[in-house]
Amino acid sequence: MINSVHVPLRFYFILLYFRIVIGSMQTRDFDVVVIGSGIAGMTTALHAELESSEKLSIALISKIHAMRSHSVAAEGGISGVLYPVENKDSEHLHAYDTIKGSDYLADQDAVEILVKNAPKEIKFFEHLGVPWNRNRDGHINERAFGGMSVNRTAFAADKTGFFMMRALYDELTSHKGIEIFHEHMVTSLIVEKGKFLGLHMIDIATGESTFIRSGACVIATGGFSRIYDFTTTSYSSTGDGIALAYRAGLPLKDIEFVQFHPTALVPSGILITEAARGEGAYLINAEGKRFMETYAKSKMELAPRDIVSRAIVTEIEKGRGFSDRLSGLGYVHLDLRHLDQKLIDERLPMIRDISRKMLGLDPATEPLPVRPAAHFTMGGIHTNTAGNIMLGAGSGHAEGLWAVGECACVSVHGSNRLGSNSLSQCSVWGRIVGIAVARHVAHNKAGKSKIAEDKAWQEERRIEEMLSGKGSEDPYALYTELQNTMSKHLYVYRNTKGMARARKDLSRIRSRFADIYIKDKRRTYNANLRDALEIGSMVELGLLVAECALRRRESRGAHAVREYPERDDKHWLKHTIIQKGIAGCRISYMPVSITKWKPQPRVY
Ligand SMILES: Cc1cc2nc3c(=O)[nH]c(=O)nc-3n(C[C@H](O)[C@H](O)[C@H](O)COP(=O)(O)OP(=O)(O)OC[C@H]3O[C@@H](n4cnc5c(N)ncnc54)[C@H](O)[C@@H]3O)c2cc1C
């Protein structure tokens, strides 16, 4: 009894001491806060602004300059049925392709929303100024993409993400209600009894902390493929927002499904867009054979990514690949030599440029060395089809919290995403959530909260303790161990022993992370601190991937387990939900939404 009185008192004095002696933290109030300024975050902020007729105060936060967000790297295009008659296409067919591509784990009600709204979003971006490639008749050109039955991917050369980001950024900066915080890193979400109250963030340049008080938050922080060393994603794809949600007690869904893109350049991992195969490039093994004939006779190089990635790894394992002299990595050839040079320059200029600069190879005259690299994370924060963050499997949703884009699992991609469906997901749910959040705050204004303020101060103290800590573990060394473990045991093919080993090793890495040492002790431009925070998130997520992967005893989409080579709908046609428990994590499962498309064998 005495203790229970004294502990809060002692805690109060520590906080008071901390505020007086060490801390400085400003408080800012916003109606809405959007974390992340990729295509998902910027689209959400813009629609919230438009829906509210510019009456809201919106904070848009990005840990790097907004325009450097990973989305600028998107290359090949955005899916949507623009010309159903000319292309013999339909929303139904787009939905079917997506669901079959997902290996039937996608929620079909969510997919129906995606395909219905995607064309509108492509036209919306047209009005914002994206220079879509066009046919001679003026129609927007659509190209072939893996797993799609017809051409339905709109594109702006092979720089689609850059043009979409540029258009969004230009538009946003002309709206006064939106304040952009470049290079500000969110380190914690303040959620009390399922309700969002605010967040803590650090200005990377000055090191100053801010407590943002708000009743509405949209997480749009992207994926976490950087847990692997061979990846196509940018350095910022470290899964912070997903880890923040997990730490705040919010559930994650289907986190075991990581997509490996078949064609990343060896040894850098830079992406050669699927659009190259969409435009007709071949995959060739060391015997000079178009080996996809063995794995997907009708779709060949344009089979979905999980299938093409497994085919490449199998070819390499069977000794029919090449080996990179310096890195030792196995690879196959991506061959564009038979394509018209004019077509390459018009539709794939960036990959020609990248190949020349990175490898001194011109794809118009030489084949490119490629192998599968971590590219996209299908799993993420568990949301419903309205983008609300849920409180658990079969529970209601949190108040004032949404997730959009790659960090969210709504789930339209299931266990394997089809290329070009991510940009449509970001745009479609950017609008849905932007409008919802604006309507929500019109009726729910956040008030002052002592709990929230105290929690922000607690977070400030945690950061200070991280900085001043005298631990013995080097966070960068732990990061290398994490990446090695993920690449060794949780790559394209997985096996039970390897996943169990990974779980054990990752659990140790996570324990050791509690004892890290941060070299740079200053607050200004402290890249060590920023990296340590990111590594902390990735260490957490790597372990969760292993936890969920180990339990799923089947092969579905990107999760291919040697001992269980078949999909098992009887036992595993369900989503994995993982949530922080009092001691460790809690795993549960929930049904997949099936509307029109009964699961069938997946043959291409
Ligand atoms: C090379 C490449 C090419 C691709 N091409 C295509 C394509 O052609 N078509 C397609 O559909 N998909 C493509 N994808 C996938 C697609 O690009 C991504 O899924 C999509 O861009 C993700 O957008 P996002 O807005 O969700 O996140 P991101 O663009 O990753 O943005 C995340 C944002 O969150 C911010 N952030 C993260 N953590 C914090 C924090 N702690 N504090 C503050 N801010 C934070 C970041 O600064 C950033 O602003 C490609 C992927 C790769 C790797």
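A residue is termed buried if 20 or more other C-beta atoms lie within 10 Å of its own, exposed if 12 or fewer do, and partly exposed in between, with C-beta atoms placed from the backbone. The model is a predicted one, in which local features need pLDDT of at least 70 and side-chain atom pairs count only at pLDDT 80 or more, whereas totals for chains, interfaces and linings use all residues. Residues are numbered from 1 along each chain as its sequence is written.

Helices (H or I, at least four residues) and strands (E, at least two) are DSSP runs, numbered from the N terminus. By the burial criterion, strand 10 (residues 209–213) is mostly covered, with 5 of its 5 residues buried. In a regular strand the side chains alternate between the two faces of the sheet. Two strands are taken to pair if DSSP finds at least two bridges between them. Strand 10 pairs with strand 1 (residues 25–29) in the parallel sense over 5 bridges, and Ser209 is the bridge partner of Met25. Strand 9 (residues 195–203) runs antiparallel to strand 10 and is joined to it by 5 bridges, with His200 standing opposite Phe211. The hairpin of strand 9 and strand 10 has 5 residues between the strands, and Gly207 takes a positive phi near 80 degrees there.

An open sheet of 5 strands, with mixed pairing, has the order 21-18-12-24-25. Strand 21 (408–409) and strand 25 (585–591) stand at its edges, each with a single partner strand, so one side of each lacks a neighbour in the sheet. Strand 24 (residues 574–580) pairs with strand 25 in the antiparallel sense over 7 bridges, and Gln579 stands opposite Arg586 in strand 25. Helix 6 packs on this sheet, touching strand 12 (252–253), strand 18 (380–382) and strand 24, and its direction makes about 40 degrees with that of strand 18. For such angles, axes are lines fitted to C-alpha atoms, for helices over the stretch in contact, and the angles run from 0 to 180 degrees between N-to-C directions; contact requires that the C-beta atoms of two residues, placed from the backbone, lie within 7 Å.

The domain assignment, whose bounds come from an automatic or database source, gives domain 1 (263–372) and domain 2 (452–591). The centres of domain 1 and domain 2, taken over C-alpha atoms, are separated by 31 Å, and the contact takes 5 residues from domain 1 and 5 residues from domain 2. Helix 9 (residues 305–317) gives the most to the side of domain 1 that touches domain 2, with 4 residues.

Pro372, placed in strand 17, is buried, with 25 other C-beta atoms within 10 Å. Pro372 and Ser309 are 63 residues apart in sequence, yet 5.7 Å apart in space, C-alpha to C-alpha. Not counting residues up to four places away in sequence, the residues that Pro372 touches include Ser309, Ile312, Val313 and Val492.
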